[in-house]
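Let's go through this one piece by piece, in question-and-answer form. Have the sequence and the 3D view open while you read.

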Amino acid sequence: MDERTRLAKNNYKERLRSLPGVVGVGIGAKRKAGVITGQEAVVIYVRKKLPLSELAPTAVVPQTLEGGVPTDVIEVGDVRALPLAPTLVEDHKTTHRPLVGGVSVSPANVGLSGTIGLPLVYRGAIPCLLSNRHVIAPSEYAAVYQGMPVTQPSNPDGPGPIVATLLDWVPTNSNGLNEVDAAVAALAEAATSDILGIGDYSQLGEPSLGQRVVKSGRTSGVTQGTITGLDATIQINYPRTGLATFEGQIILDPMLQPGDSGSAILDYATRAVVGLGFAASDQIAVANRMSVVFAKLGLALRTKGVPVAEGLASIQGSLVRAWGFDNVAKKWSLYEPGAPLPSLEYLEPGKGYWVQLSGAASLTYGPNTWALSPGWNLIGWI
């Protein structure tokens with residue numbers, strides 16, 4: 001992103017946002033006759049684009065800002081936090097065990113459906129699911145309290161059993177600036193790092209203009225789109241609590257529908273997680289920057305652990321084989337030195353492994369040491 005464009009946007013955003021009909025200001029690629037150019041511009045999002053003849057001179061957006069930075073005006077309609085939808089993709093409303101992303105979720109006994117974005121993140125040692133604040137901590141329906149039960153499928157779609165309890169959320173401030181609409185619930189059920197129809201999410205990433213992205217949501221299933229704007233300050237209409245202003249937002253093609261709130265936005269090629277969808281109009285969708293969500297809630301992605309060959313390097317001369325059991329998939333996986341394509345690839349923290357040795361050996365990894373005997377040994381990984 002060009003620093004001149006960012007500076008111009010920051011210097012002029014309040015003046016531009018004060019113009020009639022303006023709902024947001026961000027950075028995107030300039031369009032000419034509906035065609036996206038390679039030129040970066042300060043983008044002004046308006047509810048309805050009017051001809052110059054219908055605007056007062058003081059309401060006209062200047063064609064350029066300081067330093068010759070161009071502007072672009074884009075009609076987006078009324079941008080809303082996404083509510084419950086009457087229609088949805090069938091597979092995304094059904095029961096999924098272990099839990100996956102992209103499926104229906106809600107607080108227990110609340111008539112609201114949203115989406116599990118990331119089914120497995122960690123807050124310290126606590127495994128959690130991530131969605132929007134307005135999905136699993138809906139203060140407009142009832143007083144939000146820690147420990148509120150969360151069900152999958154959602155109450156309207158099932159109702160399903162309790163799978164998690166509300167752990168933390170970022171309140172939405174109607175009178176100031178917000179950065180995220182996000183909440184986490186501590187898991188009471190097993191979860192994978194899979195998103196329905198997409199697969200495993202690989203890492204945390206950052207959004208970029210023109211980036212091709214994909215999401216899986218409760219209502220519209222798997223959809224693809226492009227990031228068209230960054231660093232946007234934009235008004236979001238919450239049906240029951242009114243307008244709230246968000247800054248630092250990602251603007252996307254219209255790839256979210258009511259009920260998709262909470263959907264994770266992933267890079268199409270790498271599956272890196274870049275955003276958390278929460279609002280849309282007929283013309284655009286809006287997402288929080290996922291790195292900001294993680295920082296606000298103190299989250300981390302699940303790590304795969306240590307590669308088996310690296311973790312067991314100190315006993316390779318005596319190692320015959322190692323077995324691990326996946327309690328979620330209910331299957332064993334095997335590692336044998338020199339064998340191609342082992343099914344046991346990583347030693348994960350907190351899990352136990354059976355290790356068979358041809359003779360006594362001392363296993364060391366970092367500051368940890370295990371005295372192992374010939375034959376079978378059960379070790380708990382660090």
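Two strands pair if DSSP finds at least two bridges between them, and helices (H or I, at least four residues) and strands (E, at least two) are DSSP runs, numbered from the N terminus. Before we start: this is a predicted model, where local features need pLDDT of at least 70 and side-chain atom pairs count only at pLDDT 80 or more, while totals for chains, interfaces and linings use all residues. Residues are numbered from 1 along each chain as its sequence is written, and side-chain values use heavy atoms, with hydrogens and water left out.

Q: What percentage of the residues of the protein count as buried?
A: Buried means under 20% relative accessible area, exposed over 50%, and partly exposed in between, using a 1.4 Å probe and protein chains only. Over the 382 residues of the protein, the buried share is 49%.

Q: Which strand is the bridge partner of E5 in the open sheet of three strands?
A: The order of this open sheet is E5-E14-E15, and its pairing is mixed. At the edges sit strand E5 (99-101) and strand E15 (199-200), each pairing on one side only. Leu 99 stands opposite Ala 191 in E14. Two bridges in the parallel sense link E5 to its partner, E14.

Q: In E15, which residue is the bridge partner of Ile 195?
A: Strand E14 (residues 191-195) and E15 run antiparallel, joined by two bridges. They form a hairpin with three residues between them, and Gly 197 in the turn has a positive phi of about 85 degrees. For Ile 195, the partner in E15 is Gly 199.

Q: How many of the five residues of E14 are buried?
A: E14 is described as mostly covered. The buried count for this strand is four.

Q: In E31, which residue is the bridge partner of Tyr 353?
A: Strand E28 (residues 352-357) runs antiparallel to E31, and six bridges join the two. Tyr 353 has as its partner in E31 Ile 379.

Q: Which residue in the turn of the E29 and E30 hairpin has a positive phi?
A: Five bridges join strand E29 (residues 361-365) to strand E30 (residues 368-372), and the two run antiparallel. One of the pairs is Ala 361 with Leu 372 in E30. The hairpin has two residues between its strands, and the one with a positive phi, of about 60 degrees, is Gly 366.

Q: Which backbone oxygen lies 2.9 Å from a polar atom of the side chain of Gln 152?
A: Gln 152 is in the loop between strand E10 (149-151) and strand E11 (162-169), and is buried, with a relative accessible area of 0%. A polar contact is a pair of N or O atoms within 3.5 Å; within protein, one must be able to donate a hydrogen and the other to accept it, and residues adjacent in sequence count only if both atoms are side-chain atoms. The backbone oxygen of Ser 104 lies 3.3 Å from a polar atom of this side chain. At 2.9 Å, the backbone oxygen is that of Thr 94.

Q: What separates the C-alpha atoms of Gly 21 and Lys 48?
A: Gly 21 is in the loop between helix H1 (3-17) and E1. This glycine counts as partly exposed, at 35% relative accessibility. Along the chain, Gly 21 and Lys 48 are 27 residues apart, and their C-alpha atoms are separated by 6.9 Å.
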